[in-house]
Amino acid sequence: MASLTEDPDDRDPAPFAPGSGESFGARGSFCGIPHRRHDEAEPGEVVILGAPFDWGASHRPGARFGPKAIREADYLEPDGRRPHLTAGVDPLTELPVVDAGDIPIVGGYIEPSLENIESWVHTVASRGAIPLVLGGDHTIAFPDATGVARHHGFGSIALVHFDAHADTGEDQWGQLHGHGTPMRRLIESGAVPGFRFVQIGLRGYWPPPETVAWMREQRMRSYVMEEIVERGLTTVVDEAVAHASGPGPDGEPPAVGVFLSVDIDVVDPGMAPGTGTPEPGGLTSRQLLDTVRRLGRELEIVGADLVEVAPHYDQPMDITAALANRVVLELTTGITERRRARS
Ligand SMILES: [Mn+2]
C-alpha cells in the first residue's frame, strides 16, 4: 500500500482514467473496450460517456452510480468483444465503440454539471462520432441532446424517447432543471422542435392534464402503453420510425438524424426495479432490446442516452444494470447492421 506522504507521481497509473473530478466511475471500461479521450474521438465511432449525475431526481436518488453499474454488469470477459449471436456482427470492434470515462460532475451543483455534460457531448459530436451517455438521472437529456443539436443544427434532429413519463414538466419545484423537465427545455430552446418528438411507453398518473395539453400544442407524438398493447408494438414502431425520419407537418425537411433517449423505467419494474420512479405496466426487457436494435438499423442515430439506472434498488442481482448493458449492445448492433447494409 502506498504511503500517505509518497509522491503520487511515483505510483502506478490507474488502469482506467475516468477523467472526472467527482468520480463515481467504474474500475474498468464498458465490456473492456479501449479507453479514448472524448476530445480524441474518431469519425464514426460510438463514444460512451458516463454522467454520474442524480441531483435532478424527484424521488429516489442513486442514478449517479448508474454508469459504474452499467459498465460492470456483465458476466463475460472484459475483452472488448461482443459478437452478436444472431446479427453476425460485433458492434464493439466494428464501429468501434470506445469509452471516454465519466464527464466531470460538480456534486450538488446542477447547472455547472449540465454545462460540462453539454460541452463533452458537443465535442464528441463535432468530431463526427456518436456520443452515447450513460446516466445519471433524466435531467441530462437536456444537455445531451443540446450538445448534439449544437453540432447538427438547432431544430434539425429528431428525438425518440422511451419512458414511463413524458418528462415535459414546466418546472420541478419551481426550478428549470430536474428529471421531470428535460423534454420541455429542449422544445423551448429550439434544440428539438415538438413535432420531431416521438415518445413510447408513457403510463401512470403524471403529468397533469394541462401539461398533456401543452404537449398536444407542440405536436409531440406520444404513444401510451394502452395504445401499444391495443395496436401492437411493431405497428407503433413502424409509425415512430416514419415520424422520426419524415418531413414536418408544415413541410419542414426531414431531420438530419435522431437522438435516442432511453429511460430504463419504460420497462416494467418487475424486470427493471433498479430505478428512481418505478411505474408498473411497462414494456418487457425483450421488447425494449428488440426495438432499440431496430431503431439503430432503421434510423440515422446521431446520439443517445440511457438513464435512470439506480443500482441500490436493483434487486435481485443487478437485473436492471444487466438489461441496460444489453441495451447498449443491441443499439450498437443495430447501428453496425445499418453501416454494413450501406457499405
Ligand atoms: Mn425519464
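Predicted model: local features only at pLDDT ≥ 70, side-chain atom pairs only at ≥ 80, totals over all residues.
**View 1. The protein chain as a whole.** Taken along the principal axes, the C-alpha atoms of the protein chain fill a box of roughly 65 × 50 × 40 Å. A compact globule of 343 residues would have a radius of gyration near 20 Å, and the 19 Å of the protein chain therefore agrees with that expectation.

**View 2. The open sheet of eight strands.** The eight strands pair in parallel and form an open sheet in the order S2-S1-S3-S8-S7-S4-S5-S6. Strand S2 (97-102) and strand S6 (221-224) stand at the edges, and because each has a single partner strand, one side of each is left without a neighbour in the sheet. From one strand to the next, the twist averages 15 degrees.

**View 3. Strands S7 and S8, with the helices that pack on the sheet.** Strand S7 (residues 257-263) pairs with strand S8 (residues 301-307) in the parallel sense over six bridges, and Leu 260 stands opposite Ala 304 in S8. Helix H3 packs on the sheet, where H3 touches strand S1 (46-51), strand S3 (130-135) and S8, and the direction of H3 makes about 175 degrees with that of S1. Helix H4 also packs on the sheet, touching S3, strand S4 (157-162), S7 and S8, with a direction that makes about 170 degrees with that of S8.

**View 4. The crossing of helices H3 and H4.** The axes of H3 (residues 110-126) and H4 (residues 141-152) come within 8 Å and cross at roughly 35 degrees, in a right-handed crossing. Residues of the contact include Leu 114, Ile 117 and Val 121 of H3, together with Phe 142, Thr 146 and Arg 150 of H4. By class, this contact of H3 with H4 comprises seven nonpolar, five polar and three charged residues.

**View 5. The crossing of helices H4 and H5.** H4 packs against helix H5 (residues 182-189) at an angle of about 35 degrees, with the axes 8 Å apart, and the crossing of H4 and H5 is right-handed. Ala 141, Phe 142, Ala 145 and Thr 146 of H4 meet Pro 182, Arg 185, Leu 186 and Ser 189 of H5 in the contact, which divides into five nonpolar, two polar and one charged residues.

Methods
Residues numbered from 1 in each chain as written. Axes fitted to C-alpha atoms, helices over the stretch in contact; angles between N-to-C directions. Helix = DSSP H or I, 4+ residues; strand = E, 2+ residues; numbered from the N terminus. Left-handed = near helix turned anticlockwise from the far one by under 90°. Contact = placed C-beta atoms within 7 Å. Nonpolar A, V, L, I, M, F, W, Y, C, P; charged D, E, K, R; others polar. Pairing = 2+ DSSP bridges. Rg over C-alpha atoms; globule rule 2.2 N^0.38 Å.
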